[in-house]
Amino acid sequence: MCRNVLFLSVFLIGLFFILSCTNRTTTISGAISRETKLLYSNPDLAICHDGFLDTIMSDDKGRFELRLDLKEGRFIIVKISDSGKKYLLPVLPGENYEISIGKNNELLACGPNKEGIELYQSILNYEPGVMDWSMFKNDTFSRDEMIERSKQEDLAKFKKLLDNKKITPAFYKLIASDRDCFYAFVSVFLSTWDMLKIYRNQETDITEDDIINRYKIVFDRYKPDDEDLMKSSSWDNYVLLQYIKFYKQFSMKRINENNVELLYSEQHFPFWLEQIKQSFSDKILESALALLLYTDGELDTKTSISLYQYLEKKFPVSPYLKYFRDQMNRMMAFYAGEGLDSSIRFIENGDSINHFSELISQLKGKKLYVDIWRSTCGPCRREFQYKDSLDMVLKQYDVIPLYISLDDDSQDEKWKVLVYANDLKGVHFRANRSFINDLSILVQDEQTWNGSERRSFSIPWYMLIDENGNIVEKQAKRPSEIVVTKRLFD
């Protein structure tokens, strides 16, 4: 009898383990505009990041249905191509969700944990240049106490839903891990600013050793290789940016007051890669390598090829590979001098062109969409993801793209390989110093720089030129804005 009970217990434990490791289909459905692209993050990846998105089209009635095989709770990024808005949807295995977009562009959800999903849309998330960091300053409490208070205020809202059985324990656990990762990022982000104050000789009451110790406390408490933290959309900023790029460089004394402005320089790319290899293994290593390749691969094109080949060799069936394969093949073709796209045209004798009007005169008779960029400009490169949709709109208006690079002479090869890697069909020109100075004259607003007045401009910068060489719009829409409205003009 005891033997039978023991056998049954072992069988049930084994069955529970098998079921807990088995994928369960989660369905996300809804209605958007007719025959519109819906972008969503790949659930086969260990991380949630908007650099790795797949596409599904709504049907002729505007309906769509995603069927995702999940082993555990995840955050799914959802983007609708004609709105440009991004949503984070916390979901659990085996559940069905109906989503829609409200009048104020808010995400509405029907299904399990409905109140929790909608509450999550309203809590604090990091967006560069938007977040008010002063909220963590207080005369009564320390910064660390303010960060902890903010996290507990977030969690209290979900705990109330949990106590009222509006959300499940599994859903609450998913949110709690996300808040841990987010606020751990907030803590080390602010420590980074403290360190930069020291290196830039700004007034501060703390020392380098104090800051390094603060980093250690956070990274020891919230391990960068914690698989629960990996699910958070903040993990890439927490681990790749703060842990690898900042903490590792600061703690190893690679950065000081003499070279702090080179903190993001391409010269550090091999170091970042080596630190990732030393710090992580298995799927954490795989994910961190893919993130480095996505976020910084264009800083150092030859090393990025080596990184891609290493990723491919170490993880031959990695689901990340498909997001890089075409770009890497074009990059390798450039270096091999093979299979170059004839629809990509470089202006000959570009070094002798010193004025914007000279360049435009060579293309007179053509309507132009001008994209002014630099290889080290992240926002510039991020706009390239819209190039295919942009080309379709430009063709409707009989406009061709003209890309003007601000890279210097030493970056000539890198500039060209990035053009091919990003498949930027159109006309290309690299500006010399005289040309850049001439561009600045087009800008009307004068700014003070180091005590003297000079004209300046920021990039990315877009212009529209008519067939007679006249500037129609000096500050035209970005590609990401054009593809939303499918119009060049308002």
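I started at Pro460, which sits in the loop between strand S14 (452-455) and S15. This is a predicted model, so I am reading computed geometry throughout. I checked the peptide bond from Ile459 to Pro460 and found it cis, with omega near 0°. I noted that one down because most peptide bonds are trans.

Most residues other than glycine have a negative phi. Where does Asn201 lie? I found Asn201 in the loop between helix H4 (169-199) and helix H5 (208-221).

Next entry: the sheet that S15 belongs to. I traced six strands in an open sheet, in the order S9-S12-S11-S10-S15-S16, with mixed pairing. At the edges I have strand S9 (344-346) and strand S16 (471-473), each of which pairs on one side only. From one strand to the next, the twist averages 30°.

I zoomed in on S15 and its neighbour S10. Strand S10 (residues 367-373) and strand S15 (residues 461-465) run antiparallel and are joined by five bridges. Which residue of S15 is the bridge partner of Asp371? I read off Tyr462.

Then I looked for helices lying on this sheet. Helix H14 (residues 387-396) lies across S10 and strand S11 (399-405), and I get an angle of about 130° between H14 and S11. Helix H15 (residues 412-421) lies across S9, S10, S11 and strand S12 (426-430). Against S9, helix H15 runs at about 160°.

I moved on to another sheet, an open one made of four strands. The order is S3-S2-S5-S6, and the pairing is antiparallel. Strand S3 (53-57) and strand S6 (86-91) are the edge strands, each pairing on one side only. Ignoring direction, neighbouring strands here are turned by 30° against each other on average. Strand S5 (residues 74-80) is joined to S6 by six bridges, and the two run antiparallel.

Rolling a probe the size of a water molecule over the atoms shows where empty space is left. I picked the second largest pocket, which has a volume of about 440 Å³. I count 19 residues lining it, and Pro43, Asp44, Glu72, Arg74 and Lys283 lie nearest its centre. Which elements each supply at least two residues of that lining? I got strand S4 (63-70), helix H6 (227-230) and helix H9 (282-296). What is the lining of this pocket made of, by class? I have 10 charged, seven nonpolar and two polar residues.

Last, I looked at the chain as a whole. I list 17 helices and 16 strands in it. Along the principal axes, the C-alpha atoms fill a box of roughly 95 × 60 × 45 Å. I also checked the radius of gyration, which is 25 Å for the chain. A compact globule of 490 residues would come out near 23 Å, so the chain agrees with that.

Conventions: Residues numbered from 1 in each chain as written. Predicted model: local features only at pLDDT ≥ 70, side-chain atom pairs only at ≥ 80, totals over all residues. Heavy atoms only, no water. Pairing = 2+ DSSP bridges. Axes fitted to C-alpha atoms, helices over the stretch in contact; angles between N-to-C directions. Contact = heavy atoms within 4.5 Å. 1 Å grid on protein atoms, 1.4 Å probe; cavity = no way out; pocket = protein on both sides within 12 Å on 5 of 7 lines; lining within 4 Å. Points joined across faces, edges and corners; volume = space filled by probe spheres on them. Nonpolar A, V, L, I, M, F, W, Y, C, P; charged D, E, K, R; others polar. Rg over C-alpha atoms; globule rule 2.2 N^0.38 Å.
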